[in-house]
Amino acid sequence: MNFVIVYHQSDNFGDNLIGECFGQLLKAALINYGLGSKDYRICYLPLMSNELDVVREADAVYFAGGGLFGLCYLNFYEPMRKIAEMADAAGVPVFFSSMGINNMDANEENEHLLGELLAIPSIQDISVRENPSIFRYYADMSGRGKKLQIRTVADPVTWAGAVYANSLKKAAGKESEACPADGRKLIGINVIRAGLIRANDRSWGLTNQAEYVTELRRILIDRGFRVCLYTNGSTNDENTMCYIAEKSNISRKELITVMTSRQLISMISACDGIAASRMHSSIISYALNIPATNIVWNDKIPCFYDECGLSGRVFSIDDEEGNPLKPVDVAKKVADRLCELTDGKHSQSVDESYLMSLYDYIYQSVGAILRNSSSGISECTEYKYNEVCEKLSSLELPTGFDISDMENKIYGSQKRYAEIYMKSRDKDKTLKRKDKKIEQLREIRKDLRHECVHLKKTCDALEIKNAELEQENEKLRAKVAHFENKRVVKIYRKIRKFV
C-alpha cells in the first residue's frame with residue numbers, strides 16, 4: 001500500500017519535524033495492524049513540490065499537520081486545494097491531521113474559498129490541534145458539515161521524545177561547544193525573525209524584540225544561569241539572532257546554529273529550560289519534559305499551552321487594548337517563571353491521553369483505509385501509550401531527513417542570498433540610471449550657467465545702453481521743453497500785439 005504524507009518543508013525545522021514524527025506514528029499504526037515493511041510504502045511530499053504524480057498512485061494522502069489551513073501571507077491554500085482535487089480525480093482519500101489555522105488574511109470576500117476546499121469529496125476526515133470551532137464553521141460552510149467529523153488531537157511533534165529516543169541517548173552527556181557545562185543550569189533563548197510578530201498583527205518590532213532578548217539574557221545571567229541563543233533553524237531567524245548579538249555585544253560563542261531537525265532536538269534536550277518564541281520550541285520542550293515559556297505573537301501558542309494544561313507559561317506582549325508592553329517587563333516575568341520552573345521542585349511529564357489522541361486518530365483512519373482495500377487485515381488490539389513509545393523508539397528515522405534538512409537550509413540560504421543579490425543588482429541598475437540622469441542634469445546645469453553668464457553680460461550691456469539712452473532722452477526732453485517755451489512765448493506776443 002502507498003501512503004503519501006504532505007508536510008511543509010522549510011529551514012524552520014519545526015515544520016519538518018511535523019512530517020517526520022507523523023510518518024513514524026503512521027508506521028507504528030501500520031505495524032500495529034500487522035503489516036511489515038514490505039507491505040507498505042510511505043512517500044513524503046513537500047507541500048510546495050510540483051512532483052505530484054505520487055498523489056495519483058497513493059492509497060491515501062495525509063496532510064501531516066501544522067498551520068496549513070487558512071488564508072494568509074504563507075500562501076498554503078492553493079497547493080492544498082490542488083493536491084486535494086488531484087486526489088479526488090484519482091479516487092484517493094485525503095485526511096487532514098493535526099491541522100492548525102493561519103487565517104490572518106481571511107475576510108468576507110474570500111472565506112468561501114476555505115468552505116470550497118472542505119467541499120472537495122476526497123477529504124474524508126479532519127483532526128485539528130487548535131480552534132475546532134473555526135474548522136466546524138468552514139465545514140458547515142462547505143455543505144459537508146454533517147459528514148466531516150472534527151476532533152482535537154495533539155501536534156505530531158509532541159511525540160518527538162519517543163521518535164528521537166535513540167538520537168537523544170547517543171547525544172546524552174555530550175557538552176555543547178557553544179555552552180560548555182560549568183555547573184550552572186542552561187537556559188535557551190529562542191529567537192525569531194524580524195517582522196514575524198508584526199506580520200501576525202502584534203505590536204512588537206525588531207527593536208522591541210532585541211530589547212526583550214538582551215534584557216532576558218541579562219536577568220538570567222545575573223541569577224546564575226548559563227544562557228545560549230538559538231533558532232529553530234530558519235536562516236531569517238538566524239540573521240536576526242546575529243543582528244541582536246552584534247548590536248548588544250553578545251559573544252558569538254553564545255549563539256547556536258542548528259543544521260537539522262535532529263540537531264534542534266538535541267540542542268533543546270541539553271537545556272534545563274527554554275524561553276521560546278516559536279511554538280515548536282515549546283512543543284519539543286514539552287515532548288522532552290523540559291520546562292518552557294512562550295511569548296504570544298499568534299493565538300496558536302496559548303491554544304497549545306491550554307491543550308496540555310500549562311496555560312500559566314505564556315506571556316502576552318500586548319495589553320488588552322493591543323498596545324505594546326515594555327520588553328523589559330515581559331523579560332522580567334519570563335525570567336521569574338523560568339526560575340520557578342527550574343528550581344528543582346517542579347517536574348513535568350507529557351499528558352499521555354493528549355498524545356494518544358493523535359495516535360488513535362491515525363490508527364482508526366488507517367484501519368478504515370485497510371478495510372476498504374484488498375489487504376485482508378483482521379481486527380487487532382490497539383497499542384497503549386507505552387507500546388507506541390516502545391515501537392517509535394525502535395523505528396529508525398530515515399537518514400534522508402538529515403540530508404534534506406541540510407539541503408533545504410542551504411537552498412534556503414542560497415535563495416535568500418540570490419534574492420538579496422538580485423535586489424542589489426536592481427538597485428545598482430537604478431542607481432546607474434539615476435547617476436546617468438544626474439550627469440545629464442549636470443551638463444544641462446553647466447550649459448544653463450554659461451547661458452546665464454552670457455545673458456548677464458547682455459543684461460549688463462543693455463543696462464549701460466539703457467542708461468545712455470536715458471541721458472539722451474533727458475537732453476531731448478530739455479530741448480523739447482525749450483522749444484515748447486519759445487513757441488508759447490511767440491504765441492503770447494502775437495496775441496498781445498493783436499489785442
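Me: Which way do H9 and H10 cross, left-handed or right-handed?
Reply: The crossing of H9 and H10 is right-handed, a word used when the near helix is turned clockwise from the far one by less than a right angle, with anticlockwise being left-handed. This is a predicted model, where local features need pLDDT of at least 70, side-chain atom pairs count only at pLDDT 80 or more, and totals for chains, interfaces and linings use all residues. Residues are numbered from 1 along each chain as its sequence is written, and side-chain values use heavy atoms, leaving out hydrogens and water.

Me: Where do I find H9 and H10, and at what angle do they cross?
Reply: H9 covers residues 206-222 and H10 covers residues 235-247; their axes come within 10 Å and cross at roughly 65°. Helices (H or I, at least four residues) and strands (E, at least two) are DSSP runs, numbered from the N terminus. Axes are lines fitted to C-alpha atoms, for helices over the stretch in contact, and angles run from 0 to 180 degrees between N-to-C directions. That makes H9 roughly perpendicular to H10 (65 to 115 degrees; under 35 is roughly parallel, over 145 roughly antiparallel, the rest oblique).

Me: Which residues make the contact?
Reply: From H9 come Leu 206, Gln 209, Ala 210, Val 213 and Thr 214, and from H10 come Thr 240, Tyr 243 and Ile 244. Contact means heavy atoms within 4.5 Å. By class there are five nonpolar, three polar and no charged residues. Nonpolar covers Ala, Val, Leu, Ile, Met, Phe, Trp, Tyr, Cys and Pro, charged covers Asp, Glu, Lys and Arg, and the others, Gly among them, are polar.

Me: New topic: how do H1 and H17 cross?
Reply: Their axes come within 12 Å and cross at roughly 155°, so H1 and H17 are roughly antiparallel to each other. On the H1 side the contact uses Phe 13, Asn 16 and Glu 20, and on the H17 side Phe 401, Asp 405 and Lys 409. That contact has two nonpolar, one polar and three charged residues.

Me: And what about H1 with H16?
Reply: H1 packs against H16 (residues 385-394) at about 115°, with the axes 10 Å apart, which makes H1 roughly perpendicular to H16. Gln 24, Leu 25, Ala 28 and Ile 31 of H1 meet Val 388, Lys 391 and Leu 392 of H16.

Me: Last one: how much space is in the largest pocket?
Reply: About 960 Å³. Its lining has 38 residues, with His 8, Ser 10, Asn 12, Asp 15 and Leu 74 nearest the centre. A pocket is an open set of points on a 1 Å grid over the protein atoms alone, where a 1.4 Å probe fits, with protein on both sides within 12 Å along at least five of seven lines; lining residues have an atom within 4 Å of a point. Points are joined across faces, edges and corners, and volume is the space filled by probe spheres set on them.

Me: Which helix gives the largest share of that lining?
Reply: H17, with six residues.
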